Amino acid sequence: MRNYFARRVVASILTILLISTITFFMMHSIPGGPFTRERPVPDAILASLNEKYHLDDPLFVQYLDYMKGLIKFDLGPSFSKVGVSVNQLIAEGFPTSAKIGGFAVLLIVSLGIPFGIISALRQNKPLDYITMIAATLGVTIPSFVVATLYIYFFAGKLRWVPTFGLHSWKAYIGPVLALCGYSLAFVTRLTRSSMLEVLRQDYIRTARANGIREFKVMAKHAIKNALIPVVTYVGPMIASILTGSFVVESIFALPGLGGYFVESITNRDYTTIMGVTAFYAAFYIIMVLLVDIAYAVIDPRIQFENGGN
Amino acid sequence: MAAPSKDKFVFVSNQEKDIEEYRQSLTYWEDAWRRLRQNKLSMVGLVTIILIIIFGFFGPMFTQVSYSDQQNDYKNLPPFFSLYKLEENVYSYISGDYNMFIIDGKGNLIEHLEEIETKAPLITFDFSKPLSPSETKKKNDEATSDTTKTYKYGDTEIVLDYTGRVDETLGWEYQITFGDVVANQIEKKALNRQFPFGTDGLGRDLLTRVMYGARISLIVAFVATIVNLLIGVTYGAISGFEGGTTDNIMMRIVDIINSIPLMIIVILIMVLIGNQGLWTIVITLGSVYWVGMARLVRGQILALKEQEFVLAATTLGVSRKNIIIRHLIPNALGPILVSMTMMIPSAVFTEAFLSFVGLGVSAPMASLGTLANSALSALLTYPYQLFFPALTIAIIILAFNFLGDGLRDALDPRLRKG
């Protein structure tokens with residue numbers, strides 16, 4: 001098993017390097033450089049800018065430089081924000097994204113899983129129907145609609161919460177709700193169906209036949225097994241919530257990493273695009289790796305010898 | 001124990017014994033369709049999808065204006081009018097940006113009134129000496145005291161006083177003076193007959209735009225799903241059928257693609273190829289989201305290729321290509337179809353997101369996402385502009401989800417009896 005994880009870690013590092021390579025060449029094949037403006041920059045200034053950022057080097061040399069920096073976790077300077085490095089941007093923006101993302105994940109796990117389990121245990125009862133209708137609506141409504149409706153009613157009409165920024169605890173409610181809507185609904189549905197599947201299994205009947213108390217059957221046999229597919233989903237979900245919040249961040253005008261990412265796209269700030277992409281990908285890959293490790297802990301049936309498929 | 005008496009048995013006559021129950025044999029698809037029809041929710045989904053397709057593709061033929069026609073006189077009209085009564089069957093509506101309209105009792109737009117420019121009294125400030133706070137307040141009040149507008153209606157004038165918008169103690173929002181009629185209470189509410197969904201900030205009919213947006217969103221979703229399907233099925237089938245090293249390499253590539261958040265790849269590709277119309281977004285979505293499909297098909301093919309009918313086909317000398325196309329893929333069609341139905345709403349979702357952050361279809365084309373995005377800036381004044389596109393997105397996604405759930409139940413062989 002240790003062998004398997006060693007292989008996975010190496011593969012993950014290779015994947016991150018590969019992604020960085022692809023983004024590097026993608027960014028450099030876009031026509032127009034980062035200093036292309038509507039009003040042309042004088043040639044001399046352009047040349048010195050290019051020299052400063054080593055853009056006059058051959059592409060391959062630039063690539064090697066970039067990769068060397070990447071190995072040392074140095075993502076280079078931002079092209080559009082003078083004097084700010086991409087590392088600083090990430091250090092500045094990620095805590096905000098992580099805060100609202102973290103709350104969203106907490107809310108999803110602490111509401112979605114219990115509601116899914118209760119819903120499965122009360123199958124076809126009113127509570128189950130209400131939960132499932134709510135969950136279906138949650139999967140259906142895009143987060144930007146949730147966010148804008150929230151702003152319209154609670155910030156605009158009722159004036160209970162601020163429309164933007166994160167200056168008080170009230171300001172967190174909207175972004176967190178908008179961020180967790182889809183995943184919360186999905187986790188609830190997933191937990192419910194997986195729980196229903198497990199409850200039909202023979203070992204549950206055996207456990208009950210052996211006279212084990214119902215609570216213990218549920219806690220020890222049913223829920224533990226029902227959570228396996230949920231864990232598979234939750235791992236990558238954490239990564240995509242923490243990284244994929246740019247729509248919510250831009251609606252609520254939060255100074256998060258997603259906002260910087262969108263801004264860097266419009267500004268053609270290549271180093272920021274490359275750096276943030278590499279950061280996102282690395283984060284995502286690490287989360288998937290952690291999920292696989294969590295698997296081994298939850299489910300001893302999983303064999304790692306044959307490549308983990 | 002006494003032997004059971006004869007009269008406890010009923011003897012079957014020979015004739016009856018020979019009658020076998022004949023049941024029409026059903027093919028897999030007939031059976032699936034029969035199951036699907038029994039599932040009410042998914043039939044609702046199916047009907048809704050058909051209605052939305054009709055709404056999007058044929059609806060614009062029946063509206064008077066096209067999606068890009070701008071009517072400057074009719075900006076930001078809501079679907080509901082709050083009317084002030086002027087005289088019998090003549091009502092007035094004031095829009096959020098102080099345009100006055102004459103509307104009849106049924107909600108038909110009669111006329112957009114021209115505003116007469118009135119000269120506000122000139123207020124002079126003397127900045128040479130500092131003003132005391134009370135003086136400043138007085139000057140400010142003077143400067144903002146003119147809260148009336150005058151409109152030309154035929155030969156007469158209508159004066160609108162909107163002091164009530166700021167001063168809540170007055171108990172009214174607008175006060176309209178028309179001859180000797182003074183109206184400051186909303187007389188009645190009427191549906192907008194001409195623009196049932198209202199108009200946007202450029203005076204474009206929202207109903208037509210939502211129809212058009214639904215069409216674009218559906219086209220993007222369908223075509224992207226078909227591209228996904230082609231790539232995913234081909235890739236998965238080859239990988240699963242060949243096995244061995246080929247399978248290994250192909251699946252490692254899938255693993256790598258799968259280990260990046262797909263939204264980021266989509267954004268990168270959109271940045272790279274630039275926004276060049278509808279097809280860029282279709283190709284981008286189609287070329288990224290096939291990974292799940294490839295995995296699914298590979299799993300199916302791996303299970304199917306060990307079965308006897310494949311062996312039989314091989315023995316008969318059917319070529320490998322034909323085994324995949326004629327024998328393996330048709331047998332895997334059920335799960336493929338289910339996954340396809342689930343892919344369409346997620347493509348609608350993704351397209352809406354991309355359009356929302358400004359990477360989607362570009363003006364004058366409009367998708368549901370761009371409609372929602374353009375409603376955002378004036379959300380607090382004109383919420384209906386967001387409501388209809390958002391509702392349409394929700395209905396589309398809901399309908400496909402219902403249909404997909406039903407299809408999964410109908411096509412899942414584990415639920416099939418006998």
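How many helices and strands does chain A have? The count is 12 helices and zero strands, where helices (H or I, at least four residues) and strands (E, at least two) are DSSP runs, numbered from the N terminus.

## Ground rules

This is a predicted model: local features need pLDDT of at least 70, side-chain atom pairs count only at pLDDT 80 or more, and totals for chains, interfaces and linings use all residues. Residues are numbered from 1 along each chain as its sequence is written, while chains are lettered from A and ligands numbered from 1 in the order in which they are written.

## Chain A overall

Read from the N terminus, the elements of chain A go α-α-α-α-α-α-α-α-α-α-α-α. Its C-alpha atoms fill a box of roughly 85 × 60 × 30 Å along the principal axes.

Of the 309 residues in chain A, 38% are buried. Buried here means 20 or more other C-beta atoms within 10 Å of the residue's own; exposed means 12 or fewer, partly exposed is in between, and C-beta atoms are placed from the backbone. Among the contacts in chain A with a separation of 6 or more, 74% come from residues 24 or more positions apart. A contact is a pair of residues whose C-beta atoms, placed from the backbone, lie within 7 Å.

## Helix H5 of chain A

H5(A) covers residues 126-140, and its end C-alpha atoms are 21 Å apart, which agrees with the 21 Å that 15 residues should span at 1.5 Å a residue. That expected span is 1.5 Å times one less than the number of residues.

Its buried residues are A:Thr131, A:Ala135, A:Gly138, A:Val139 and A:Thr140. Their cover includes helix H4 (86-121) and helix H7 (170-199) of chain A, plus helix H14 (384-411) of chain B.

## Where A meets B

Chain A puts 32 residues into the contact and chain B puts in 27. On the chain A side, the elements giving two or more residues are H1 (2-29), H5, H6 (143-157), H9 (214-243), H10 (246-251), H11 (257-267) and H12 (270-298).

That chain A side splits into 21 nonpolar, 11 polar and no charged residues. For this tally, Ala, Val, Leu, Ile, Met, Phe, Trp, Tyr, Cys and Pro count as nonpolar, Asp, Glu, Lys and Arg as charged, and the others, Gly among them, as polar.

## A sheet in chain B

Over in chain B, five strands make an open antiparallel sheet in the order S5-S6-S7-S8-S9. S5 (114-116) and S9 (181-183) sit at the edges with a single partner strand each, so one side of each has no neighbour in the sheet. Strands pair if DSSP finds at least two bridges between them.

S6 (148-153) and S7 (156-161) of chain B pair antiparallel over six bridges, with B:Thr148 partnered by B:Asp161. They form a hairpin with two residues between them, and B:Gly154 in the turn has a positive phi of about 60 degrees. S7(B) also pairs antiparallel with S8 (175-178) over four bridges, and B:Leu160 stands opposite B:Ile176 there.

## Helix H9 of chain B

H9(B), residues 291-304, has 14 residues and reaches 20 Å between its first and last C-alpha, close to the 20 Å expected. Its buried residues include B:Val291, B:Met293 and B:Arg295. The buried residues of H9(B) pack against H5 (206-242), H6 (244-258), H11 (320-331) and H12 (333-356) of chain B.

Technical notes
Two residues are in contact if their C-beta atoms, placed from the backbone, lie within 7 Å.
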